[in-house]
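We will go from the whole chain down to single residues, one selection at a time.

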Amino acid sequence: MSLHPACRALVVGVAIMIAGPADAAPSAAPAAAPAIESRPIIPWVHTRWLSKDGVPPNIYTIAQTPDGWLWLASSIGLFRFDGVTFSPYQPPAGVELPGAIERIGVLDDGTLWIAPRFGKLYFLRGDKLQAFTEGDGLPGGRIFDVARDKAGQVWIASGKGLHRLGGDSRTWTEAGRQLGLPPGGIVSLLAGRDDALWTLAPGGIFAIGPGARQARRVTDQQGWGSLQQAPDGTIWASDMTTRRIRRVTAQPGDTPAERLLTGIELMRFTVDRRGNLWLPEYGGIGRLQADGEAPALQSLTRQQGLSGQHGNIAFEDREGNVWTATTGGLDQFRPPRVNEMTLPPYYSEARPVAAGDHGDAWIDYLYFADIRAVPRKFAPVTTERDAVATLYRDPRGVLWAGARDGLWRVEGSHRTRIVLPPAVRDIPFLAIYSLAMDREGGLWMALGRRGLWRWHAGAWTERGGVAALSDLAVNTIAAGTDGQVWFGAVGDAFAILRDGRLTRFGRGDGVDIGSVLQIVPHGRGAYLGGEKGLAYFDGVRAHRVQGDDGQRFPGTTGIVLTPAGDLWAHTAQGLFGIGASELARLRADPKYRPRYRHFDENDGLKGSAPPLLPLPSLVRTSTGELIASTGSGVFHFDPARLATNAVPPPVQVTGIGADGKRYPLEPGVRLAAAPDSVRIDYTALSLALPQRVRFRYLLEGVDHAWQDAGTRRSAFYTQLPPGRYTFRVAAANEDGVWNEAGAKIDFEVLPTVFQTIWFKLSCGLLLVLAAWALHRLRLRAALRRHTLAMETRVAERERIARDLHDTLLQSVQAMILAFKRVANRTPEDAPTRPMMDKALAMATGALVEGRDKVRGLRGEDSAGDLARALREHGEQLAEQHRPRFELASTGRQRRLRPQPYYELLAIGQEAVRNAFVHAGANRVEVELDYGERQFTLRVRDDGRGIEPAHRQGRAGHWGIPGMAERASQAGATLELHSEPGKGCTWQVRLPAQLAYAADSGNAPRPVPTGPADARAALSVDRAV
């Protein structure tokens, strides 16, 4: 923290009050450090956040907890930052933090300590916030620092000295006097890697070893300051009174770094993992570069882009980024992946570049024996009239320079002008786009729409003598190792010259990248760069290359293939690297979208590839470094030595809401019923390049696969049905390192009244009742129709009964009387008299049966004994035929209803008669089963059986069809079981409610058999 000079006296005065008069001896003023505005700019990539971005004002301290959050102590409270959003910390219910937070830090067990400006102390562990007050032994006034040593003991430094936390983790006790520390305040603590606890006070710097009973004075200290430990274990201390930063644990004598740090007035500083010291100064942010060849003091001021006028604090996070707070905002510094070269001004779009065979390179008019070496000029300093636009090194090692004033051959520091053909010699501001030498030593020169020339043996030939090139406006030329010469032209076109024969390719061959600006032959094909993107030519057809996120690589003017097979493309949107394995998949499947790495201004690459000149805008040195030329400078990096962020980003769900209402983040959070929209917010704590962090999420039960969210930090779902859900999210940092475990949250969408199980059961019950009522209505209607049909049927039966009685039965009666008179006149001993008597008996039986039928037709009959009737029928047939007859009955015998009785009797008689007459059986059996649920009639024989073809009856015979019709009329089921030679079984099954009469033990609803019955049944139904 730096102070305005006007405030310095006040700080020193406070230091004297803390230390006491004896320790306030003045010291000689050291030599002043270089003025901050005169130093070189810090060469790291810089990003800033201002109040418009949500930065809280007056950030005093910065810390980072193990979960990745960056915490900011400010004058309006405690904030946390995920690289994108600043959010105020919300303490648990019942705990309130003061408005101004001055100091924070993280102990080695992950505890965040919080010291407000006006007393008190808080420990934040996970979601639990513990508060300490003076009632717990906490010293009054401000807390300056908190530390936890290797033994786990927690210490605090305050204006009242050194205190430690008791074993109850609640009570603080004074410890300075016991350890022999001088009276007064302690302003800084450091738990060193040597297991000692280091303390800094205006009265001196002391070390307390493990288990030591007395503190050891290390050095005197004359003013306020802070302690930091470097990666090599050296402990550094700042001193505001002497205005210097010095080593505490090293040998005596100032080092060059210490000499650079004299005259710098600040209290707090930090040392990064590379050993560099970061200095929040008055006037800006300083940096002592200690990882270079020699220490160097650098800075960044507000005029150079810093967020504020003065620095407050510096802090390094776990990814190696350095954060500084200023009086105007928050700044981040991170090491560049692409390094800028310091070059003089240039008078065109971008500088041309060429690479040699020994790690050397040519840039504009300068030659670099090594990228990091001091260059020398190989040509005069260029001006606007003679600026070099193209550099090309041919296979023999000769450098060619295409400038606005012509073509030059360069060998060492000697330049030779090549006289141009008369047609282009006098063109002012000549633009030579590309140069290439073929296998015969001919140098091709592309001038775009102004022509194409070949120089060989000291003579120029337009278009190299190839007439087919006349209508191509060539931008770029490439010579392959197989002798082919490639020409990239305006308008989605390129051509290949093979042994004097030209083959052209255009849009019909898949070329759709606009003007072809770069060609890199590869195998049978080539990689093509153009205005609209990147393409791969497989020798037959060109295929557009798109990244896995749809990136099209527009404005590609430089392409490099490394020996490892990687491809680097310099485009209008930065540098893109595609790995060899991804390229192999692309060549095997042109529709494949490869993954890539992307470098832009966030990595130190300022500007973008020039739209046309120079070509190429990207080259590779023999030592493996890539040199990229942009409109803002020339940059270099080694792809094989790129630093990779190997830290998987911690992932957290930060919020959940529905229809604009936010809900607390707790397990199983319950959302209101029927939400139109559910929003889930999440973040990943990767602070280096948060804008490149990628996410994917999955809502179990809704998403069938992981959803690629790109860089979006919210997921939205609409019309979620009620139920329990689990939302999962994973993230990858800027280098594609995934945190597969990610984070999750369980939540529940409550049902509406109409979505509850009880409502659904009620609806189901109502549907059942409605169906039952509908069934009752249909049954009542069916009963009415049945009653009308029965009344019609009864009326018809009564008419038939009258007709039978008045015609057939009367006639039979008359015939019997007439025949009886004849029989009475026949002597008793006449041979025919018995026959006549038998015939009379049979006729009388037939007459009686007919009268019974008539009574049945009129509904005046009741069912008889089915077993007795079938027995009599079977015994009569047994007298006339060979088979033996048997009848058996099971169950409690009950009276049958009249209608089914007559139908069953007819079916049984027909089956018995068929068995006696046609089956050739030895035994015929009849079985009656009076079951509780159904009545069953079986007629079985052991005869020859019925052939399958005759099971529906023989043609012209109506016995079997009649049996089926009668069974259907009675509501019974008729079954036939028969196999040739194994007899035959007829089975009739009739439900009990249809078979048995109401007074036979069951109480089924009577089936109407006549008008009276129909009317009674209808009355009963209406009553129900």
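Start with a cartoon of the protein chain: its secondary structure comes to 11 helices and 69 strands. Keep in mind as you look around that this is a predicted model.

Now zoom out to see the overall dimensions. Along the principal axes, the C-alpha atoms fill a box of roughly 175 × 100 × 45 Å. The radius of gyration is 54 Å, whereas a compact globule of 1024 residues would have one near 31 Å.

The accessible surface comes to about 48300 Å², and carbon and sulfur atoms account for 52% of that. Of the 1024 residues, 50% are buried. If you colour by charge, you will be looking at 122 positive and 109 negative charges, whose mean positions lie 3 Å apart.

**Stop one: the largest nonpolar core**

Select Leu866, Leu896, Val926, Leu928 and Phe935. Of the 35 residues in the largest nonpolar core, these touch the most other members. Then show the elements that give two or more residues to this core, among them α7 (866-880), β66 (923-930), β67 (934-941) and α9 (959-970). Which element gives the most? Look at α8, with eight residues.

Centre on Val926 and show its surroundings. Leaving out residues up to four places away in sequence, Val926 touches Leu870, Phe885, Glu886, Leu887, Ala888, Val912, Leu937, Arg938 and Val939.

A second, separate core has 34 residues; to find it, select Met445, Val466, Phe487 and Leu497, which it includes.

**Stop two: Glu582**

Move to helix α4 (residues 580-588) and pick Glu582. Is Glu582 buried or exposed? It is buried, because its relative accessible area of 6% falls under the 20% cut-off. Beyond residues up to four places away in sequence, Glu582 touches Tyr592, Pro594 and Arg595.

**Stop three: Ile313**

Finally, select strand β25 (residues 311-316), where Ile313 is found. Ile313 is also buried, with a relative accessible area of 6%. Which residues does Ile313 touch, not counting those up to four places away in sequence? Display Tyr60, Thr61, Ile62, Arg268, Pro280, Trp323, Thr324 and Ala325 to see them.

To end the tour, draw a C-alpha to C-alpha distance from Ile313 to Ala495: the two are 182 residues apart in sequence and 60 Å apart in space.

Notes
Residues numbered from 1 in each chain as written. Predicted model: local features only at pLDDT ≥ 70, side-chain atom pairs only at ≥ 80, totals over all residues. Heavy atoms only, no water. Helix = DSSP H or I, 4+ residues; strand = E, 2+ residues; numbered from the N terminus. Rg over C-alpha atoms; globule rule 2.2 N^0.38 Å. Buried < 20%, exposed > 50% of the residue type's maximum accessible area, 1.4 Å probe, protein only. Areas by Shrake-Rupley, 256 points an atom, 1.4 Å probe, with all protein chains shown as cover. Lys, Arg positive; Asp, Glu negative; His and termini not counted. Charge placed at Lys NZ, Arg CZ, Asp CG, Glu CD. Core = buried A, V, L, I, M, F, W, Y, C linked by side-chain atoms within 4.5 Å. Contact = heavy atoms within 4.5 Å.
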